[in-house]
Each structure stands twice: as C-alpha cells, then as structure tokens.
Amino acid sequence: MKLLKALVRRPSPQHQNGLLTHLTRSETDPDLALAQWEDYCDILRDHAEVIEVEPAPEYADSVYIEDTAFVYGNTAVMTKLRYPSRQPEHAAVEETLKGLGLEIKRLADWSYLEGGDILKFDDTIWVGLSTRSDLEGVQWLEKALADYAPTVIPVPVQHALHLKSAITALPDGTFLAHPKYAPPESYFPGYRRAPEFEGSQVVLLGDNKVLLSASAPETADMLKADGFDVYTTPMTEFEKTEGCVTCLSIRIRQ
C-alpha cells in the first residue's frame, strides 16, 4: 500500500520523564531528541505528506503519537491509553484526523488499547496483549472495523512494551523480529530474525523501501542483501524511553 500521509508530534521538553515499563530511566538530551525527530520527519517527507499535530509540551510521552489512534481505510479508531496521564494526548490528534475527513470511532471506556500494539498487513491485523492493551480493547477494535471485516489476531506480548516494539512487517509480507523479545513465531507467516532488537522495528515507506534505526546496522545490512531499499536514522534518545521509528508517526496508506 502506498504511504500517503504521516502525522507526527514534536517531542516535549519533558520527554525523558515519560512512562517506562522495561527499561531503567536514563538521561536524554532534549536538543538531540529534537534533532533526531526532525531527521526522522525529513525522511518521511521524502515519501509522504507529513502533518504536524499541535505540540503538547506538558505531556512527556506525546511524541509517541502512534499510540493515540489507528487508521484503517477511511476510519480512525481513537485508542484508549492505559495511563490516565496520557489520555489528554488524544484531543488534538482526533481533531487533525477529523480534518482529514476520516470517520472517528472510539473504544468502550473499560477497554485499553494502544496503537503501538496494532500491526496490520493487507487484510490482517495482529494486536498485542501487552501491559498497555487488553482483550477488551482487541474486541472493540474488531467491532469498530466491522464494515471492513479484517482478520484480527490477538498476540501475547511479554518481553517488550508493545507488539511493534518486537515485530513488524516487511514489504514482502514477511515479519522481522529479534528472537529474545518476539512473540511466538506461530502467529506470523514468513518469520525473519533481526540481529539487533532495534532491527525488529521498521516503517514501510512504499515499494521496497524501509526505515529503521541506525542502532541496527547488522539488520540494515541483512535487509539490503535481501534486496530491500534501506533508510536508517539515529533514534538513541527515543530508544532510552522505549520508543522507536514506528511509534513516532501515524501512517495513512491507500
């Protein structure tokens, strides 16, 4: 599918104070984080229209915009973030998606689902059951997308923050994961092993092009040898807070 638009959100000066699940907190450089975010946006801009959502400097995790919504067809499903401190992040994202003409749907109040746990390829959606998303969230996502009738597959996530922290799809329909952190291989057809954890996180830019972190040079070399057109960009300041290339944007495809 062609990448048409990407929604992004400028990192908060409080970024290093964001929520952590698996990592020990370490200091980040706000200026370097902003520079890395800008480099990331520049790469996206070469392949799609980039839309910057109104910044939310008071919310440390607001740069991780992917968690707030999931777009499928002409529908934007507003997710339900697990922690109340993050839930105000939705408002400006929803207004932006409405402005693009997308139909807005929401989850039930008692369900939880974050966009980092939602992985789609063609007509199949894999949804991670992580510390941030639950089965009720999966069921409500399926209801919200009933008109499209996608195949929705819940997947256990135990060793990473979100499903897409541990496994992502490649343009040929295979899946890339690091075996130490990945969910069971049986859930995914065409499984490839990434040499580095950061290499399991890729953004599809269109055609045979993929974007991944500069922290995964061996994975980049492997993908190049397999015939993929590979773009890399530094993500160190976001990786310190359990972020990656996938969670910094909401991609809209056709």
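Two strands pair if DSSP finds at least two bridges between them. Keep that rule in mind for the opening stop of this tour, which goes through a predicted model.

**Stop 1: a sheet**

Select residues 175-177, which form strand 10, and then strand 11; 3 bridges join the two, and they run parallel. Within this pairing, Ala 177 stands opposite Arg 193 of strand 11.

**Stop 2: the largest nonpolar core**

Select Leu 119, Trp 126, Leu 163, Ile 167, Phe 188 and Leu 223. Of the 25 residues in the largest nonpolar core, these touch the most other members. Which elements each supply at least two residues of this core? They are strand 6 (118-121), strand 9, strand 10, strand 13 (209-213) and helix 5 (217-225). Strand 10 gives the largest share, 3 residues.

Centre the view on Leu 119. Leaving out residues up to four places away in sequence, Leu 119 touches residues including Trp 126, Leu 163, Ile 167, Phe 175 and Phe 188.

Another core, of 22 residues, lies apart from this one; to find it, select Leu 3, Leu 44, Tyr 64 and Leu 205, which are among its members.

**Stop 3: Asp 67**

Go to the loop between strand 2 (49-53) and strand 3 (69-72), where Asp 67 lies. Is Asp 67 buried or exposed? Its relative accessible area is 2%, so Asp 67 is buried, the limit being under 20%. Show the side chain of Arg 86 as well: the side chain of Asp 67 makes a polar contact with it (2.8 Å). Beyond four places away in sequence, Asp 67 also touches other residues, among them Thr 79, Leu 113, Gly 115 and His 162.

**Stop 4: aromatic rings**

The count of aromatic pairs comes to 8. For one of them, select Tyr 181 and Phe 197: the pair is tilted, with 4.5 Å centre to centre and 55° between the planes. Tyr 181 lies in the loop between strand 10 and strand 11, and Phe 197 in the loop between strand 11 and strand 12 (203-206), so the pair ties together parts that are 16 residues apart in sequence. Tyr 181 is partly exposed, at 26% relative accessible area, and Phe 197 is partly exposed at 25%.

Finally, select Phe 70, Tyr 72 and Tyr 148, which ring pairs link into a cluster.

Terms used: Residues numbered from 1 in each chain as written. Predicted model: local features only at pLDDT ≥ 70, side-chain atom pairs only at ≥ 80, totals over all residues. Heavy atoms only, no water. Helix = DSSP H or I, 4+ residues; strand = E, 2+ residues; numbered from the N terminus. Core = buried A, V, L, I, M, F, W, Y, C linked by side-chain atoms within 4.5 Å. Buried < 20%, exposed > 50% of the residue type's maximum accessible area, 1.4 Å probe, protein only. Contact = heavy atoms within 4.5 Å. Polar contact = N/O pair within 3.5 Å; in protein donor to acceptor, adjacent residues only side chain to side chain. Phe/Tyr/Trp six-rings, centres within 6.5 Å; stacked < 30°, edge-to-face > 60°.
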